[in-house]
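Hi,

Here is the structure for you to open. Please have a look, then read my notes below.

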Amino acid sequence: PWLSDALIYIKRNLARGICAADVIAHLGYSHTAVNKAFKAELGTTLHEEIISCRLKLACSLLRKSDKTAAEISLLCGYPNAQHFSRAFSAVFHLPPDAWRKKANLRDEKQT
């Protein structure tokens, strides 16, 4: 049950720029126990899960809103737009604005 609590905590607090230590403090378990549970249940570490949640939210906002990449970076808990752009590009191999254009073109073709 505490694993689902951790996931809810992550999603509710992304904009605060939380890190693994914040989640661990919220749960009250050791770093080792939390990462072991994440790895066993989700196949990922707590840190990787936080990044994944941030990027999923970013993709959703890029697709569904007209917010700038700078605004989205703050909503996803990144300290600045440059950090967000580097993290996003490392995973998607495109900067956020280029990814948005490509995603919107793909969406237009499907309708």
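**What I found**

α4 gives the most to the lining of the largest pocket, with four residues. This is a predicted model, where local features need pLDDT of at least 70, side-chain atom pairs count only at pLDDT 80 or more, and totals for chains, interfaces and linings use all residues. Residues are numbered from 1 along each chain as its sequence is written, and side-chain values use heavy atoms, with hydrogens and water left out.

**The pocket**

Rolling a probe the size of a water molecule over the atoms shows where empty space is left. A pocket here is an open set of points on a 1 Å grid over the protein atoms alone, where a 1.4 Å probe fits, with protein on both sides within 12 Å along at least five of seven lines. Lining residues have an atom within 4 Å of a point. The largest pocket has a volume of about 160 Å³ (the space filled by probe spheres set on the points, with grid points joined across faces, edges and corners). Its lining is Ile18, Cys19, Ala20, His47, Ile50, Ile51, Arg54, Gly77, Tyr78, Pro79, His83 and Ala87. Two or more of these residues come from each of α4 (46-64) and α6 (81-92). By class, the lining has eight nonpolar, three polar and one charged residues. Nonpolar means Ala, Val, Leu, Ile, Met, Phe, Trp, Tyr, Cys and Pro; charged means Asp, Glu, Lys and Arg; the others, Gly among them, are polar.

**The whole chain**

How many helices and strands are there in the protein chain? There are seven helices and zero strands. Helices (H or I, at least four residues) and strands (E, at least two) are DSSP runs, numbered from the N terminus. The C-alpha atoms fill a box of roughly 45 × 30 × 20 Å along the principal axes. Buried residues (under 20% relative accessible area, with exposed over 50% and partly exposed in between; 1.4 Å probe, protein chains only) make up 35% of the 111 residues.

**How α3 packs**

α3 and α4 pack at an angle of about 60°, with their axes 8 Å apart. That makes α3 oblique to α4. Axes are lines fitted to C-alpha atoms, for helices over the stretch in contact, and angles run from 0 to 180 degrees between N-to-C directions. Angles under 35 degrees count as roughly parallel, over 145 as roughly antiparallel, 65 to 115 as roughly perpendicular and the rest as oblique. In contact (heavy atoms within 4.5 Å) are Val34, Asn35, Phe38, Lys39 and Leu42 of α3 with Leu46, Glu48 and Glu49 of α4.

Helix α1 (residues 2-13) packs on α3 at about 95°, with the axes 11 Å apart. α1 and α3 are therefore roughly perpendicular to each other. Trp2, Leu3, Ala6, Leu7 and Ile10 in α1 meet α3 residues including Ala33, Val34 and Phe38.

Threonine 45 sits in the loop between α3 (31-42) and α4. Threonine 45 touches Asn35, Phe38 and Lys39, not counting residues up to four places away in sequence.

Serine 73 lies in helix α5 (residues 69-75). Serine 73 counts as buried because its relative accessibility is 1%. Beyond four places in sequence, serine 73 is in contact with Tyr78, Asn80, Ala81 and Phe84.

Best wishes
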